[in-house]
There are 2 protein chains.
Amino acid sequence: MPEGEIVFGAGSYTTVAVIALIAAAALGCAFVLRRQVLAAPDGTAKMQDIGQAVQEGASAYLRRQLRTLVLFAAVVFALLFLLPGDGGVRLGRSVAFLFGAGFSAAIGYLGMWLAVRANVRVASAATRPGGRAEGARIAFRTGGVVGMSVVGLGLLGAALVVLVYDVEAPAVLEGFGFGAALLAMFMRVGGGIFTKAADVGADLVGKVEQGIPEDDPRNAATIADNVGDNVGDCAGMAADLFESYAVTLVAALILGKAAMGEQGLVFPLIVTAIGAFVALLGVFITRVRGNESGLTAINRGFYVSAVIGAVLAGVAAFAYLPSSFDQLSGTADLSGVTADPRVVSALAVLIGVVLAGVILWVTGYFTGTDKKPTLGVAATSRTGAATVVLSGIGVGFESAVYTAGIIAAAICGVFLLAGGSISLALFLVALAGCGLLTTVGVIVAMDTFGPVSDNAQGIAEMSGDVDEEGAQILTDLDAVGNTTKAITKGIAIATAVLAATALFGSYADAVSHALAQVGAVGGGLVASMLSYEIISPVTLVGVILGGATVFLFSGLAIDAVTRAAGAIVFEVRRQFREHPGIMTFDERPEYGKVVDICTRDSLRELVTPGLLAAFAPIAVGFGLGVGPLAGFLAGAIGTGVLMAIFLANSGGAWDNAKKIVEDGKFGGKGSDAHAATVIGDTVGDPFKDTAGPAINPLIKVMNLVALLIAPAVVAISVPEDANHALRIGIALVAAAVAFGAVAWSRVRASRLEATEEANQDAAQATV
Amino acid sequence: MPEGEIVFGAGSYTTVAVIALIAAAALGCAFVLRRQVLAAPDGTAKMQDIGQAVQEGASAYLRRQLRTLVLFAAVVFALLFLLPGDGGVRLGRSVAFLFGAGFSAAIGYLGMWLAVRANVRVASAATRPGGRAEGARIAFRTGGVVGMSVVGLGLLGAALVVLVYDVEAPAVLEGFGFGAALLAMFMRVGGGIFTKAADVGADLVGKVEQGIPEDDPRNAATIADNVGDNVGDCAGMAADLFESYAVTLVAALILGKAAMGEQGLVFPLIVTAIGAFVALLGVFITRVRGNESGLTAINRGFYVSAVIGAVLAGVAAFAYLPSSFDQLSGTADLSGVTADPRVVSALAVLIGVVLAGVILWVTGYFTGTDKKPTLGVAATSRTGAATVVLSGIGVGFESAVYTAGIIAAAICGVFLLAGGSISLALFLVALAGCGLLTTVGVIVAMDTFGPVSDNAQGIAEMSGDVDEEGAQILTDLDAVGNTTKAITKGIAIATAVLAATALFGSYADAVSHALAQVGAVGGGLVASMLSYEIISPVTLVGVILGGATVFLFSGLAIDAVTRAAGAIVFEVRRQFREHPGIMTFDERPEYGKVVDICTRDSLRELVTPGLLAAFAPIAVGFGLGVGPLAGFLAGAIGTGVLMAIFLANSGGAWDNAKKIVEDGKFGGKGSDAHAATVIGDTVGDPFKDTAGPAINPLIKVMNLVALLIAPAVVAISVPEDANHALRIGIALVAAAVAFGAVAWSRVRASRLEATEEANQDAAQATV
């Protein structure tokens with residue numbers, strides 16, 4: 001059936017309207033949960049004091065970050081409008097971009113806003129009897145608010161676009177997904193740099209040099225460290241998961257329309273609405289029973305809601321879809337496919353749900369404190385820091401391979417379901433992504449748990465108002481948070497791979513539409529620019545460049561943390577040197593100064609990786625063609641998934657290896673072995689909380705940029721390479737922006753270093 | 001012109017015979033140089049004593065390693081013979097495999113044999129007046145012997161195969177290249193584990209725990225450390241570069257035949273013969289003038305011989321090739337190509353030569369002691385080991401991106417020369433590889449320089465027979481060696497990318513031949529197994545798995561070193577504990593025991609990565625099809641080049657950052673900053689000398705395995721998937737072998753750790 005004949009019946013409008021109502025209901029639940037969290041007592045005066053300082057720092061940072069990004073969003077809005085396409089759809093896409101970006105920012109802001117208020121309430125709960133269950137409940141409910149908001153806003157946005165644009169919705173949704181991904185990437189990178197610069201800086205001077213505990217109020221970087229947890233782990237992560245949600249949904253809708261027409265556009269929304277329902281269920285059934293660990297309760301909540309989600313999705317498939325592809329009105333040719341759409345759709349969703357469960361388990365195995373890999377890393381601390389670093393890298397590499405292998409196996413499984421039809425396979429991959437996302441509400445709640453309990457512990461330590469039993473409760477909650485954070489990263493990168501794989505299909509679709517419009521393709525170089533054949537040397541060049549972008553992006557993020565942490569080390573050392581009263585508790589350190597440095601540095605540093613991600617695909621696409629650009633995306637996905645999991649899991653293993661030693665193994669706190677694991681943990685900090693998680697939005701931003709520019713690339717290169725100079729010109733400008741940003745960051749960094757050096761020398765001279 | 005009509009005229013026989021004579025002449029020169037090296041005085045009795053111990057350890061290791069590998073080679077010989085193809089060619093290919101493997105082993109053995117004899121001679125030269133020039137001369141000539149042998153044996157082997165099999169030569173040469181690559185991979189991995197286990201183990205106990213200098217005779221691991229330099233950096237590296245040489249030449253011959261027929265088969269041999277000539281020139285013109293650094297002399301030798309090589313290759317192209325592709329008899333359709341074959345061939349060779357020069361420069365920039373990146377790493381030592389590790393990783397990532405980008409740019413440049421013809425582009429890529437290889441003689445000489453001078457320093461230190469001035473000379477030579485080693489790795493990986501890109505073409509060729517034989521291809525899953533389209537989900541799965549194999553291989557190599565080094569640490573500690581006389585020079589440590597542990601562990605550990613490399617492509621090819629296998633190779637190349645350079649350059653930067661601090665910056669030897677850089681250097685050891693360099697042969701082994709099995713995969717999957725069960729069976733067996741090896745190494749490792757633990761506990765109890 002040719003395109004344009006897809007109808008969008010009244011039944012579909014009703015269904016989508018109901019879905020929009022479910023989304024609104026999810027937001028309503030978020031509001032109720034929020035009230036519950038805020039109703040808890042907010043601690044002693046000292047706690048409130050500290051909480052206040054953290055709140056102010058976090059809000060100030062996010063406000064400045066969003067102000068910086070508004071400019072960027074305006075430029076992208078204009079550029080999007082310049083791309084070829086139908087006028088109404090183009091405007092809709094640009095407006096949807098703003099909504100996607102706005103929602104992403106709003107979720108991030110909300111996550112941070114609530115987390116900074118929940119921290120003190122969790123700390124306060126630990127001072128009361130029954131504190132363990134009460135603290136876990138507040139922390140998990142805080143996550144619930146963010147989770148329900150992610151689900152609600154994502155679903156509402158998509159449903160509204162489908163209601164307004166019906167069969168034209170996919171093109172408009174590209175803008176929505178792109179906005180969400182772009183903003184999430186900036187929030188991940190900026191927040192990630194802030195949090196780890198503060199953390200590393202605080203640890204290097206406090207723990208290592210001065211031998212004072214973490215979160216000691218004498219350390220000028222502690223407030224910044226706590227602010228960082230909120231802007232990085234809460235705001236950044238919430239935006240990131242919203243983006244995963246939005247982009248996967250967008251991919252499913254685009255491919256669903258192609259494969260199944262009207263029903264293909266509505267079914268992914270139904271699956272996701274089921275996800276909203278089970279997320280709510282998950283948040284409410286997760287309750288710590290008696291003395292069990294918080295992790296047990298969270299895992300139970302996850303598995304129960306996953307099973308219910310899978311069952312409901314199966315029911316929905318059989319209730320909503322017909323029994324044969326012949327009865328569907330997709331544009332893709334599925335006439336040869338004999339499978340039952342209900343069966344394959346339900347199985348694809350099931351594969352996604354199972355994938356989430358397996359990743360949960362594998363990540364837990366590689367980073368858990370009671371499992372062999374992390375115990376092995378801890379054991380190497382007896383031979384020093386170098387072996388700790390090496391064994392952690394080994395664990396990271398290995399776990400990356402297994403996790404990537406599992407994701408690959410899931411894609412292969414889905415592919416087999418499709419029986420050789422690429423169009424159907426791509427849609428089913430996206431559906432598996434939706435299946436994975438039915439668990440996202442609980443996942444967000446799990447993830448938010450981490451920074452909230454971490455911060456609560458910090459506030460308790462700084463205020464000194466929590467007794468030993470309460471402190472132990474908070475330490476336990478914090479350890480649970482470490483594992484849940486690692487799991488979320490695994491799930492997030494899995495959604496990235498599934499969404500990116502599916503978007504590959506939309507990309508090919510966009511290219512073939514554009515090709516149909518330009519008519520005959522010549523031979524020679526133009527043909528090679530359009531070839532998807534992986535054995536062409538330029539496609540291989542694309543693969544290499546895609547992988548290289550991931551390496552460069554990771555390197556930039558790690559370097560940014562190292563640089564910013566260095567600045568903080570010098571500042572904290574200066575305060576200790578110039579104000580000896582700090583060590584004796586007679587003087588109060590200038591916390592604000594460190595927060596300012598973090599804010600300034602992370603805002604400065606987030607621009608370069610952002611420009612790289614947005615402009616590298618443009619340079620490759622216009623410079624080498626759509627085939628090599630596909631290679632670029634494949635290289636970025638392949639290298640990206642491995643790098644992201646490597647960075648997340650080696651970081652997690654180091655963090656928990658340190659905890660193992662701190663719990664008394666291999667010499668315990670203060671031993672050489674402990675010092676060795678502290679070095680490992682510090683190396684892991686920017687791995688797991690800055691570079692690693694940012695790769696997830698990076699992959700999607702690059703995919704969406706490629707999807708958006710593909711028609712323009714085709715239009716400009718065919719026929720006969722008439723616009724040769726224009727094409728090369730665009731590629732060169734894009735390359736100049738991407739690499740100019742990198743070069744500029746180098747120059748600026750070395751200028752900064754020179755100033756820092758001079759200041760240090762001056763300080764040394766006065767001592 | 002259809003295949004089979006390519007003629008191989010008398011003129012070509014004469015030309016190839018002359019080339020074989022040139023190759024023999026190169027071997028003759030190697031023999032002369034060898035006599036010159038051995039004629040130098042071989043030092044004091046003490047030096048000879050130590051040299052003897054190193055020689056024995058190294059020979060014993062290599063002999064045991066080769067014995068282990070003979071079995072492996074026999075199995076592969078049989079498997080090769082089972083693959084489909086013409087009987088005579090199949091036998092020739094299997095025999096050529098043995099020759100390739102034998103030559104690779106012989107070159108490795110020769111490199112080691114001579115290096116252990118040159119060491120004492122360089123150390124002895126440093127005791128005499130004019131020692132700097134004399135020492136550099138002996139070390140460089142030793143490299144010259146290896147370089148001329150690499151060039152001579154590679155060229156001789158290829159020329160003889162062409163003489164015997166003429167137009168059937170390419171299929172036979174696949175066996176030659178595969179043998180060379182497979183053996184080189186094992187020698188790189190085994191030697192790499194040996195050398196770094198000994199080095200890391202020696203440093204951890206000696207430098208870090210006991211505070212005695214490197215190469216102190218009281219350290220039981222010093223002899224093993226010196227043995228390691230010879231079996232890893234000399235034998236492994238020589239085999240590796242021989243393999244680069246052989247595989248690139250093989251790729252050029254295969255593609256040359258397709259693109260240009262008879263002349264295409266002969267021209268790459270001519271270019272390589274020119275390389276043999278300029279290598280000889282390079283070895284003889286490299287002379288240290290007055291007080292200049294050894295590096296200046298080496299660089300001069302490199303650049304002069306590169307320029308002469310490029311000019312001669314240009315002359316040869318214009319003298320030998322016709323002015324139009326119509327006059328050539330290749331099987332590929334180049335009728336639309338209007339370019340002048342002489343011009344494009346000469347330019348492709350030139351691009352290769354320039355690429356070598358640029359990589360030389362970039363690597364020097366990122367790892368040089370007087371350049372900003374390494375100085376920056378050294379500067380972070382003021383904030384501790386964690387920042388040293390992080391900044392080194394940052395430098396590694398960044399340099400990987402630039403080097404990969406430069407290689408990608410070279411491929412793009414070559415691609416543009418071909419004007420859109422993929423067949424021609426692939427041949428030109430291979431020719432660029434040959435251009436790169438004209439510099440390989442000098443490169444090998446440069447690389448061998450490193451371990452020889454490192455060992456000479458060790459022998460001087462241990463013997464105590466070298467005065468301060470002599471020691472300074474050897475230290476300077478050693479520092480030069482560090483940089484030349486990093487450069488060689490960059491060049492080696494560049495040849496890997498070019499050869500692998502070119503082999504991609506042979507792969508596609510093999511697949512289409514096989515497809516022509518099996519007739520019609522069905523639809524459905526079979527079609528998707530044969531699709532090269534990068535946007536197919538299973539091709540993307542291939543890309544992910546290819547990258548994953550590189551990660552797993554690297555992780556296994558690093559883990560192996562960590563484990564083996566741990567065993568050595570425990571042994572050296574035991575000797576210090578049980579024989580307190582060692583510290584007071586009253587007792588002699590049991591050097592042989594540590595050599596034995598290194599030998600045992602590295603032989604055990606090299607099997608797993610070897611099986612993984614050989615069987616992973618088989619599993620992917622038979623399991624998913626030839627399209628996904630192409631994706632697998634692309635993923636392995638893309639991730640592999642980045643990983644290899646990252647590992648090599650971050651390791652180089654850490655090593656030299658340590659040297660910067662040792663030269664007195666940031667506190668100098670014994671300061672906290674120094675301790676921090678020692679940790680960085682130790683992390684870098686297995687990066688740069690075990691995992692990193694082994695990726696080069698890994699990529700080629702996997703490419704050649706894919707090339708060899710592609711016809712069998714097609715034959716078994718088409719038509720109609722008749723042999724479905726057999727295909728899946730083969731894939732499962734291959735996957736079981738690859739991953740079984742990994743799992744088995746895990747189990748064994750944990751059993752070993754348990755024993756080690758028990759021994760430690762027992763030892764502690766007796767103290």
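Modeller: Across the interface of chain B and chain A, zero salt bridges are found. The model is a predicted one, and polar pairing between the chains amounts to three residue pairs in polar contact, with both partners at pLDDT 80 or more. The area that chain B and chain A bury between them is about 7200 Å², and 83% of it lies on carbon and sulfur atoms. The contact draws 81 residues from chain B and 79 residues from chain A.

On the side of chain B that touches chain A, eight helices of chain B each contribute at least two residues: H11 (385-417), H12 (422-437), H14 (468-518), H15 (524-530), H16 (537-578), H19 (626-662), H20 (672-717) and H21 (724-766). The largest share comes from H16(B), with 20 residues. By residue class, this side of chain B comprises 52 nonpolar, 21 polar and eight charged residues.

The same surface serves both copies, since 98% of the contact residues of chain B recur in chain A.

Side chains of opposite charge can pair when their charged atoms come close. One of the salt bridges joins A:Lys196 and A:Asp689, whose closest N and O atoms are 2.9 Å apart. A:Lys196 lies in helix H5 (residues 169-210) of chain A and A:Asp689 in helix H19 (residues 672-717) of chain A, so this pair ties together parts that are 493 residues apart in sequence.

As to confidence, the model scores ipTM 0.91 and pTM 0.91. Chain A has a mean pLDDT of 84, and 92% of its residues reach 70 or more. Within chain A, confidence is highest in helix H11 (residues 385-417), at a mean of 92, and lowest in helix H15 (residues 524-530), at 64. Where pLDDT is low, the predicted coordinates should not be read in detail.

Key
Residues are numbered from 1 along each chain as its sequence is written. Chains are lettered from A and ligands numbered from 1 in the order in which they are written. Side-chain values use heavy atoms; hydrogens and water are left out. Contact means heavy atoms within 4.5 Å. Buried area is the accessible area (1.4 Å probe) that two parts lose on being put together, summed over both. A salt bridge is a side-chain nitrogen of Lys or Arg within 4 Å of a carboxyl oxygen of Asp or Glu. A polar contact is a pair of N or O atoms within 3.5 Å; within protein, one must be able to donate a hydrogen and the other to accept it, and residues adjacent in sequence count only if both atoms are side-chain atoms. Helices (H or I, at least four residues) and strands (E, at least two) are DSSP runs, numbered from the N terminus. Ala, Val, Leu, Ile, Met, Phe, Trp, Tyr, Cys and Pro count as nonpolar, Asp, Glu, Lys and Arg as charged, and the others, Gly among them, as polar. pLDDT is the predictor's confidence in each residue, from 0 to 100.
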